Amino acid sequence: MTAAVADRRTVRRPLPAAPRWWADLAGVAAGLSLLVVTALWTADRGVQELLSGPATGLTSAGRLTGLLSADLMLVQVVLMARVPLIERSFGQDRIARWHRLAGFTSFDLLLAHVALTVLGYAGTARQGVLAETWDLVVTYPGMLLATAALALLVLVVVTSVRAARRRLRYESWHLLHLYAYLGIALALPHQLWTGADFVDSTAARAYWWTVYLLALGSVLLFRLGLPAWRSLRHRVEVAAVVPEAPGITSVWLRGRHLHRLPVRAGQFFNWRFLDGPGWSRAHPYSLSAPPSGDLMRITVKQLGDDSSRVAALRPGTKVLLEGPYGRLTGEHWRGGGVTMLACGVGITPLLALLWELPYAPGHAVLLYRARTPEELAFRAELDRIAAERGVVVHHLVGPRARRPSWLPAYAEGLSDVEALRRLSPEIAGHDVYLCGPDGWVDAVRAATRAAGVPNGHVHYERFAC
């Protein structure tokens, strides 16, 4: 299968770039949705009720926090619906950060909604908080479902806290995270049956139905429909499994009309291998060789149960794909020199980029970091690309430095910036591509800034690695 890499030098047709104004429009739309919700609350006497007395004021504040929480939940859904224009405008890492911020903010507002509403109702009814909570849950339409929704969202948020996330396998966390969709669905009847905005305001009903249907349509079309269509159209299956280094395995995939996939080197797909239990869990793996003819390649490091299964895949195993995703592509390359820095399996998307970008011989530098010589993947292929494309390849092998650094321990006599300038003397004028563990990427970014590389010329995407 390695012979199939021979034609990687051909540049694939670029994807049409997302209009620059699209990113601004998407951000404005998200902010505008919160303003619309606040305006609808104001039009429904929200401010007057807020100032009319303690109990009524608490209830009105609870209504506003609940509406803002619901709106942010729907923003989250759209953010993670894999809408192509949003993906290409912002990239997975930025979207994931915003998704996390919107999620925790929405949850805080939800807790405020519950507390303020219970206190307001208890004050109006002149009874204790516990008694009022019980009455709300068992007597108001949709409240039992809303309580179940709250419990599910608490589960999702608690398991998304970084300390808890580190203790969970990716497979377990991903499964738990899907309960957020169920939580949002269970909360809807409460808003329909008892929400003042739905019951009293035609404009509010029109707005909420629109945003709910928009969020649902985004999920159905881009998370389910488009991946299903592409999987059926291209009929991808495993062609061969090739060990690259200890714990690192390449999977060659074949299918129909793969050259028509709108994918660039550096991007990734979410993959489901139909090889038995666990097939339903998707995992993001970057292409280490973009489609050429009827073949493409991914490379996987064994980090968990599902990634370990990849090494045992059999030729002929059917594959479902979702994507492509990611912005670590040649669309950002300005046409001059390029420096690429990879750590471990981070070589995967950068190798594909090295084959695709049409740089001149001698105008590309690869710095490849690994702990041991055995962990260097694609040795023969990198030797070949060095010979054929004039890439300057530096292998940086050894244990970690004692200080925070992207260099191995043996280079501790050099500063990160000095080493970068020695290994890639023209780096200040290059486009720089990075892929590796988060801490390592942060160390490289600090060194590139100190070496005079503008931030806009440094390209990385944590979720693509």
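Which residue in S9 is the bridge partner of Arg369? The legends below start with the whole predicted model and then turn to its strands.

**View 1. Overview of the protein chain.** The predicted model holds 17 helices and 11 strands. Of its 465 residues, 48% count as buried. The accessible surface of the chain comes to about 21,700 Å², and carbon and sulfur atoms account for 63% of that surface. Among contacts with a separation of 6 or more, 71% are between residues 24 or more positions apart.

**View 2. The parallel pair S8 and S9.** Strand S8 covers residues 364–370 and strand S9 covers residues 392–397. The two strands pair in the parallel sense over 6 bridges. Leu396 in S9 is the bridge partner of Arg369, which answers the opening question.

**View 3. The antiparallel open sheet.** An open sheet is formed by 6 strands, in the order S1-S2-S5-S4-S3-S6, with antiparallel pairing. Its edge strands are S1 (237–245) and S6 (319–325), and each of these pairs on one side only. On average, neighbouring strands of this sheet are turned by 35° against each other, direction ignored. Strands of a sheet pair through backbone hydrogen bonds, either parallel or antiparallel.

**View 4. Strands S2 and S5 within the sheet.** Strand S2 runs over residues 248–254, and strand S5 over residues 295–301. Their pairing is antiparallel and spans 7 bridges.

Definitions and conventions. Residues are numbered from 1 along each chain as its sequence is written. This is a predicted model: local features need pLDDT of at least 70, side-chain atom pairs count only at pLDDT 80 or more; totals for chains, interfaces and linings use all residues. Side-chain values use heavy atoms; hydrogens and water are left out. Helices (H or I, at least four residues) and strands (E, at least two) are DSSP runs, numbered from the N terminus. Buried means under 20% relative accessible area, exposed over 50%, partly exposed in between (1.4 Å probe, protein chains only). Contact means heavy atoms within 4.5 Å. Accessible areas come from the Shrake-Rupley method with a 1.4 Å probe; for residues, only the protein chains shown count as cover. Two strands pair if DSSP finds at least two bridges between them. Axes are lines fitted to C-alpha atoms, for helices over the stretch in contact, and angles run from 0 to 180 degrees between N-to-C directions.
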